[in-house]
Amino acid sequence: VSGAGAVPAFPVAGGQLVVGGVPLDRLAARVGSTPFFAYDRDAITRRVDRVRAALGGRIALKYAVKANPMPAVVQHLAGLVDALDVASSGEMQTALDTPMPAARISFAGPGKTDDELTRAVAAGVLVEVESAGEARRLVAAGERIGIGPRVAVRVNPDFQVKGSGMRMGGGPQQFGVDAEAVPELLGWLAAAGVEVEGFHVFAGSQNLSADILREAETRTVDLVLSLARHTPTPVRYVNLGGGFGIPYFEKDSPLDVEAVGGHLAGLVAERLDPELPGAEVVVELGRYLVGEAGVYVTRVVDRKVSRGRTYLVVDGGMHHQLAASGNFGQVIRRNYPIAVGSRMGAPADERATVVGCLCTPLDLLGDDVDLPRADVGDLLVLFQAGAYGLTASPTAFLGHPQPAEALV
Ligand SMILES: Cc1ncc(COP(=O)(O)O)c(C=O)c1O
């Protein structure tokens, strides 16, 4: 495997990568076409178990559907986690189709339309409002259909979290209500007869530093406690965000989730429980639960040498797995871990550049990677593909067919 530092432990049997207990060649035959995404069901389950153990029994675990909204994945997770978070009416429908009760679903994200707000109120989903204007439209939506909305306030914190792949709190933001403006909004909601259930603070995503996450947890708890003094009714819901990252690149070290979870459990016991007794405390995670459980599998369709450089041209590309091409918000392009799926453990006897089938130099999946020799027909595997893969990629670009997805 090139980029082995970051690769999760998928088993290998007879030189083949094994996903969900099925050797890769057999899995490809079962799926019937390449490229495809495969998600290992047990790997997801194990990850949830590990997070739950790290958080202790007091803290609820919510899955952010945006990370991987494949209905089978969401169904599986619905049976493992305590709640689901959605970011659109499409995701809301996927979540409502699972056994997860509507009362355990929240809806966060900027730009919720009147239609989405109305559907969320009708469903009994908790709406995490991102602005005063959205709060007004939510209340109006409830009045139109005669159903009281369920409301929490998404707060844009008055601090920033360093080291996040994507910073989504602190400074000016399209996300959440600025912390200093929350008391006024709470006053308006109370006057409108709406009981606010609590707060959601999400500072950022893809953080691998336990120290930084622990500091963010402490500051988030401070912020929630100060805001709780402005609610006329007891706070019942505290969503502390998450931002737990996964290693994508060779030099990334995995997050010490036990350190982060243990700190949080202590904070809840010492700070939140005495002041907000009975409030549900939630950690909301997407990629940490599913990212490492997924692979993107694509077949070599051409091998060519151009002026001394060996190219492996595959039938997939950035239109399915944009992040691996380095075009999903990365500042510097680095290789995702990649392997020849049927030559696991074989010596890396060739340096090759793996490119997708799109007519753009951006479609680069592995730049000068050391791999066992791969020929036309071989399957290449890109790891860390379980989150923000297919649905975060420009699938319509160049009109290739949609890839398959399998939960195995
Ligand atoms: C509100 C909210 N919750 C959760 C997530 C999920 O982040 P991650 O997949 O990194 O855990 C995001 C990511 O954008 C988010 O905006």
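Student: Let's start with Ser 209: what relative accessibility does it have?
Tutor: First, this is a predicted model, where local features need pLDDT of at least 70, side-chain atom pairs count only at pLDDT 80 or more, and totals for chains, interfaces and linings use all residues. Residues are numbered from 1 along each chain as its sequence is written, and side-chain values use heavy atoms, leaving out hydrogens and water. Buried means under 20% relative accessible area, exposed means over 50%, and partly exposed is in between (1.4 Å probe, protein chains only). Ser 209 counts as partly exposed because its relative accessibility is 23%.

Student: Where does Ser 209 lie?
Tutor: Helices (H or I, at least four residues) and strands (E, at least two) are DSSP runs, numbered from the N terminus. Ser 209 is in the loop between β13 (204-205) and α8 (210-228).

Student: Which residue's backbone nitrogen lies 3.0 Å from the side chain of Ser 209?
Tutor: A polar contact is a pair of N or O atoms within 3.5 Å; within protein, one must be able to donate a hydrogen and the other to accept it, and residues adjacent in sequence count only if both atoms are side-chain atoms. For Ser 209, a polar side-chain atom lies 3.0 Å from the backbone nitrogen of Ile 212.

Student: Now the ligand: which residues come nearest?
Tutor: A residue is near a molecule or strand if one of its heavy atoms lies within 4 Å of it. There are 13 residues around the ligand. The nearest of them are Ser 205, Glu 284, Gly 286, Arg 287 and Tyr 388.

Student: How is that shell divided by class?
Tutor: Ala, Val, Leu, Ile, Met, Phe, Trp, Tyr, Cys and Pro count as nonpolar, Asp, Glu, Lys and Arg as charged, and the others, Gly among them, as polar. Sorted that way, the shell has five nonpolar, four polar and four charged residues.

Student: How much of the ligand's area does the protein bury?
Tutor: Accessible areas come from the Shrake-Rupley method with a 1.4 Å probe; for residues, only the protein chains shown count as cover. Taken alone, the ligand exposes 400 Å², and the part buried by the protein is 94%.

Student: Where does the ligand sit?
Tutor: On a 1 Å grid over the protein atoms alone, a cavity is a set of points where a 1.4 Å probe fits but cannot get out, and a pocket is an open set with protein on both sides within 12 Å along at least five of seven lines; lining residues have an atom within 4 Å of a point. A molecule sits in one of these if more than half of its atoms lie within 2 Å of its grid points. The ligand sits in the largest pocket.

Student: Is Asn 68 buried or exposed?
Tutor: Asn 68 is in the loop between β5 (60-64) and α3 (71-78), and its side chain reaches the backbone oxygen of Gly 386 at 2.9 Å. With a relative accessible area of 3%, Asn 68 is therefore buried.

Student: Which residue's backbone oxygen lies 3.0 Å from the side chain of Arg 47?
Tutor: Arg 47 is in helix α2 (residues 41-55), and it counts as buried at 15% relative accessibility. A polar atom of the Arg 47 side chain lies 3.0 Å from the backbone oxygen of Tyr 288.

Student: What is the omega of the peptide bond from Thr 34 to Pro 35?
Tutor: Most residues other than glycine have a negative phi, and most peptide bonds are trans. Pro 35 lies in the loop between α1 (24-31) and β4 (36-39). The bond from Thr 34 to Pro 35 is cis, with omega near -5 degrees.

Student: And what phi does Gln 384 have?
Tutor: Gln 384 lies in the loop between β21 (379-382) and β22 (404-407), and it is buried, with a relative accessible area of 1%. Gln 384 is not a glycine, yet its phi is positive, at about 60 degrees.

Student: How far apart in space are Glu 270 and Cys 359?
Tutor: Glu 270 is in helix α9 (residues 257-275) and is exposed, with a relative accessible area of 63%. Glu 270 and Cys 359 are 89 residues apart in sequence, and their C-alpha to C-alpha distance is 57 Å.
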